[in-house]
2 protein chains.
Amino acid sequence: MRTPQRSVMRTQITEWEDGVASRADDFLAVEEPLQISVCGRSITVTMRTPGHDRELAAGFLWTEGLIEEPDQIVSIEAVADQTHKGNQIAVELRDGFPQNSGEVRNFVASSACGVCGKASIEAIRSRGLRPVQSEFKIDADVLCILPDKLRARQEVFGRTGGLHAAGLFGASGELIALREDIGRHNAVDKIVGWALLDGRLPLSNCVLMVSGRGGFEIVQKAITAGVPVLASVSAPSSLAVQLARELGITLVGFLRGRRFVIYAGEGRCVGERGVAVR
Amino acid sequence: MRTPQRSVMRTQITEWEDGVASRADDFLAVEEPLQISVCGRSITVTMRTPGHDRELAAGFLWTEGLIEEPDQIVSIEAVADQTHKGNQIAVELRDGFPQNSGEVRNFVASSACGVCGKASIEAIRSRGLRPVQSEFKIDADVLCILPDKLRARQEVFGRTGGLHAAGLFGASGELIALREDIGRHNAVDKIVGWALLDGRLPLSNCVLMVSGRGGFEIVQKAITAGVPVLASVSAPSSLAVQLARELGITLVGFLRGRRFVIYAGEGRCVGERGVAVR
């Protein structure tokens with residue numbers, strides 16, 4: 001897994017430490033807009049870290065409900081355009097731009113966040129998400145090693161301290177895929193897009209570990225990919241927990257050291273001594 | 001400063017620690033959609049933590065460029081509506097819905113993120129932001145005490161571990177205003193909206209301290225409020241640094257303990273021994 005070359009930028013900064021200032025070179029995580037077009041129509045711009053752009057676009061279309069079958073995608077290519085410097089992705093769909101879909105109308109006025117930008121509250125809930133059905137189990141001891149594994153493989157974060165990550169792990173804690181991005185949602189979309197383009201959806205036997213919070217839209221995206229267990233080092237929101245409970249995804253938060261909190265779907269977490277409640 | 005009652009929700013969770021699971025009550029940061037209407041037209045929905053909704057709406061209109069003068073706002077009120085349970089805010093503007101503004105057309109298809117959701121790359125740069133002009137200086141030693149002050153006053157975070165904060169501080173490090181939200185952008189919009197409704201814009205003599213990253217759209221929002229110094233405990237992105245340098249806002253990152261990094265506008269950081277480079 002190589003670090004995409006455009007994901008890091010060098011710059012000169014001033015470092016202040018205990019009263020002494022000095023100049024130094026530093027690395028920044030690159031943030032640039034990516035414009036996604038479907039059948040010639042620009043549908044969104046997301047601020048992202050360049051790299052894995054095709055996966056990001058594919059994942060975005062999937063997690064936002066614009067496509068429902070992987071083979072709807074005929075092509076998905078970066079646009080060779082001097083003006084936008086590789087910041088445009090063009091997607092062609094088998095049946096053309098899905099004009100008749102109510103989903104799409106909401107989506108066109110939507111955003112990479114999956115929620116904000118929608119012009120009515122109804123649009124948020126009208127996604128028709130299907131419950132996650134998976135017999136997958138994860139050992140509690142395996143869960144505990146995931147944060148260190150994720151961090152150890154975050155190449156760009158190590159140089160910039162500024163990127164979110166999403167990692168896909170198997171039942172034994174083996175890393176299947178990892179993506180980094182300045183945006184939490186994008187890191188997840190890149191993972192889902194990778195799985196989609198690789199014919200791996202639904203991700204019924206995986207844990208998705210994210211570096212940031214487990215908010216509503218992250219839970220929503222994980223559900224569209226059929227992920228049975230979503231884990232995070234941080235806190236989920238009220239709506240994230242509610243959605244997870246409604247749609248049967250296991251939601252783990254505050255995964256740090258030898259401790260975590262299960263907010264939904266605890267039946268999938270097992271261990272030598274079980275997670276049976278005392 | 002009281003904690004809004006709707007900002008925290010109680011729930012039952014399973015806590016796993018070193019092989020032993022137990023049930024416990026826990027608090028979640030509330031995340032709910034807020035629909036913002038201007039002159040009867042719904043323009044966006046943002047996922048936010050309830051509380052200070054009027055300030056959030058006012059700040060959003062301001063930082064997104066939908067209004068240019070505080071007195072354009074005639075009224076800004078929560079809609080009494082059983083269906084949406086206080087999750088709607090209606091804004092009336094003096095001159096009606098600003099149909100003729102190019103800004104607004106972009107904005108209607110935009111989002112609470114200030115960037116994502118815009119349907120073209122051009123829309124992002126076409127804001128016509130004005131450079132920050134302020135003779136404000138901040139002592140390096142004062143900067144160093146801000147993170148602890150911010151954290152100490154984060155009421156909801158203390159109970160849920162799940163909220164972002166934005167804090168406005170004066171030159172001596174005195175806290176002027178603090179707002180919390182599940183969304184980083186919303187916390188900043190609530191601060192800007194508070195300042196707007198209180199007749200305090202531009203915030204030419206303040207430091208804005210944010211708990212999350214200093215991304216492009218946070219820098220953009222701070223610039224619209226005339227904030228001369230933006231500080232964060234975390235890393236900025238490449239585009240954030242670029243925008244800060246172009247428009248003359250001081251951008252400080254990795255503000256932790258007795259160390260920080262100045263990415264732009266170092267002239268505003270002074271100290272007993274100065275920040276003169278060795």
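1. Quick reminder before we start: a residue is called buried when its relative accessible area is under 20%. Keep in mind that this is a predicted model. With that cut-off, helix 4 of chain B has B:Ala140, B:Val142, B:Leu143, B:Cys144, B:Leu146, B:Pro147 and B:Leu150 on the buried list.

2. That helix, residues 140-153, is worth a look for its geometry too. It has a kink of about 30° at B:Leu146, shortly before the proline B:Pro147.

3. On to chain A as a whole: eight helices and 14 strands. Of its 278 residues, 62% are buried. The accessible surface is about 10600 Å², and carbon and sulfur atoms account for 47% of that.

4. A:Asp25 sits in strand 2 and A:Arg10 in strand 1, 15 residues apart. A:Asp25 is partly exposed at 46%, while A:Arg10 is exposed at 55%.

5. A:Arg48 meets A:Asp53 at 2.8 Å, N to O, with relative accessible areas of 0% for A:Arg48 and 12% for A:Asp53. In chain B, B:Lys190 bridges to B:Asp181, closest N and O atoms 2.7 Å apart; B:Lys190 comes in at 1% and B:Asp181 at 0%.

6. Finally, A:Asp18, B:Asp141 and B:Arg258 are joined into one network by salt bridges that share partners.

Terms used:
Residues are numbered from 1 along each chain as its sequence is written. Chains are lettered from A and ligands numbered from 1 in the order in which they are written. This is a predicted model: local features need pLDDT of at least 70, side-chain atom pairs count only at pLDDT 80 or more; totals for chains, interfaces and linings use all residues. Side-chain values use heavy atoms; hydrogens and water are left out. The bend at a residue is the angle between axes fitted to the seven residues ending there and the seven starting there. Helices (H or I, at least four residues) and strands (E, at least two) are DSSP runs, numbered from the N terminus. Buried means under 20% relative accessible area, exposed over 50%, partly exposed in between (1.4 Å probe, protein chains only). Accessible areas come from the Shrake-Rupley method with a 1.4 Å probe; for residues, only the protein chains shown count as cover. A salt bridge is a side-chain nitrogen of Lys or Arg within 4 Å of a carboxyl oxygen of Asp or Glu.
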